[in-house]
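Please look over the chain shown below before reading on. The numbered points that follow are meant for someone who has not seen it before.

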Amino acid sequence: MLHLCPMTKHEMPKESAPRHGDNAPQPVRTLRDWLDHLAVRNRLAVIKPNAALKFEVAAYAKRLDGKRATLFPRPGGHPIPVVSGLVSDRGWMAEAMGVEPAEVLPRFLDAALNPVPWVETKAAPVQEVVHREVDLAKILPLPTHNEHDFGPYISAGLMIVRNPRTGKQNVSIHRCQLAGPNRLGVLLLPRHTNAFFEMAEEKGEPLDAAIVIGVDPLTLLASQAIAPMDFDELEIAGALQGRPLPVVKCVTSDVRVPAEAEIVVEGRFLAGVREPEGPFGEFPQYYGPRSNNHVMEVVAVTHRKDAIFHTVVGGGLEHQLLGAIPKEATMLAHLRRTFPNVLDVHFSPGGVMRYHLYVQIKKRQDGEAKNIMLGAFAGSFDVKHVIVVDDDVDIHNPTEVEWAVATRFQADRDLVVVPESQGSKLDPSTRNGVGAKMGMDATKPLSAPEMTFKRIRVPGEEAIDVADVLKRDGADWRGALKS
Ligand code: MN
């Protein structure tokens, strides 16, 4: 696993310093502020009332994914509305941060390196309503997303647990299947939450946990940071928001949760209990299988008086993007330690924002692209195919990257294949996670004569204001010729 913290500040690129001057846009701090931000830009679609929780909510959200966030009044007749697609576009995340799109990765890295501890408050909107008798499906509008999902899931909940030894918190997102009125089946992969649970389970004790639903985009993003153990991701959220995040103690445990969130599900992971969970539609566009997973018993639900429930449709852009940005930031920092001429990295949407990595470099030496590929494979086992391009190729445009492969890559010279390596278990073409890596060097040879790889361009094309041209009406073209 990659860690952000070992990188010291002086290694950070200069442009990474946050710039929030008097007139600079401010970071977004609550879900409600973000919905307002989207609404005034015509990016929030209010769907008809009473959309069915089984498939219909997800169907709308999926069709509008990347174009509009969706808001569902009275979903399935439930009084709590559902929102989805809050951050399905990279540019929107930049706006939430209050930076330009090119600054998203440096800003995220800076926040991870300069965490801001949270501050405890007693005035917590998220505890306006407290349920101690819990029937989850009655209290919350729980949608069922994909065709073969086992049933309703909480898919956009921040799972917060405390290290039983140190008291430090961990924040991460897990799929939580409704398994009974007060019971959730939860997939805990072998990461921090699971490590804390194992410490409790060794002693035969349950682990207190809280699931926080309905937070701002920056807290969602912070939850996906690839940070060391005992590094509370809420402190990254504070850094991104530019303030200590206000938190409140749960009503049934010592777990601290964002006070301005919409909903908190409080409970505990049961020691020595595993029950079937899944299948569930996952980010690679396939189902994660049914297997015996962890069980959380719910003991209370708290929420705002007029709470809003957030759901992420499994496999959608929002699902992919939330994981991709922290992974890109970590990969960029990792590669730059050895290769300072790496300019940018991108996990492409077609590569499920995990498996295909595009790397843009300022080439200094022939052969270097292959070292960079090997560095990328070592940096994350999810990385399957790496394409390295020059600085004149836009890595956020897949057509540009394909053009570089089409015109600068030769398979006998520029291809690297590493057989039988560790990959993603969710990639169905692997054998239980074992598969091949492929790297493609699509950079120009340094020795090539200048005109051989000179990109054609029309002088002055960049200066044309296309938006202005598109505003003019072509219907009266005959009249235009006469005037
Ligand atoms: Mn963690």
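1. Histidine 192 has a relative accessible area of 12%. Because buried means under 20% relative accessible area, histidine 192 counts as buried. Please keep in mind that this is a predicted model.

2. His192 is also a ligand of the manganese ion, through ND1. Along the chain the donors follow the spacing N-x21-H-x40-E. Asparagine 170 belongs to strand β8 (residues 169-173) and histidine 192 to helix α6 (residues 192-202), so the pair ties together parts that lie 22 residues apart in sequence.

3. Is asparagine 170 buried or exposed? With a relative accessible area of 3%, asparagine 170 is buried.

4. Threonine 30 sits in the segment that precedes α1 (31-40). Its relative accessibility is 12%, so threonine 30 counts as buried. A polar atom of the threonine 30 side chain lies 3.0 Å from the backbone nitrogen of aspartate 33. Apart from neighbours within four places in sequence, threonine 30 is in contact with Asp216 and Glu260.

5. Turning to the strands, there is an open sheet of three strands in the order β4-β12-β13, and its pairing is mixed. The edges are formed by β4 (119-120) and β13 (256-258); each has a single partner strand, so one side of each is left without a neighbour in the sheet. Strand β12 (residues 246-249) runs antiparallel to β13 and is joined to it by three bridges. Valine 248 stands opposite valine 257 of β13.

6. Which strands does β14 (residues 263-277) pair with? One of them is β11 (residues 207-213), which runs antiparallel to β14 and is joined to it by seven bridges. Within this pairing, alanine 209 has glycine 267 in β14 as its bridge partner. Another is β17 (residues 291-303), also antiparallel to β14, with eleven bridges between them. Here valine 264 has threonine 302 in β17 as its bridge partner.

7. Strands of a sheet pair through backbone hydrogen bonds, either parallel or antiparallel.

Definitions and conventions. Residues numbered from 1 in each chain as written. Predicted model: local features only at pLDDT ≥ 70, side-chain atom pairs only at ≥ 80, totals over all residues. Heavy atoms only, no water. Donors = N, O, S within 2.8 Å, 3.2 Å for Na, K, Ca; no water. Helix = DSSP H or I, 4+ residues; strand = E, 2+ residues; numbered from the N terminus. Buried < 20%, exposed > 50% of the residue type's maximum accessible area, 1.4 Å probe, protein only. Pairing = 2+ DSSP bridges. Polar contact = N/O pair within 3.5 Å; in protein donor to acceptor, adjacent residues only side chain to side chain. Contact = heavy atoms within 4.5 Å.
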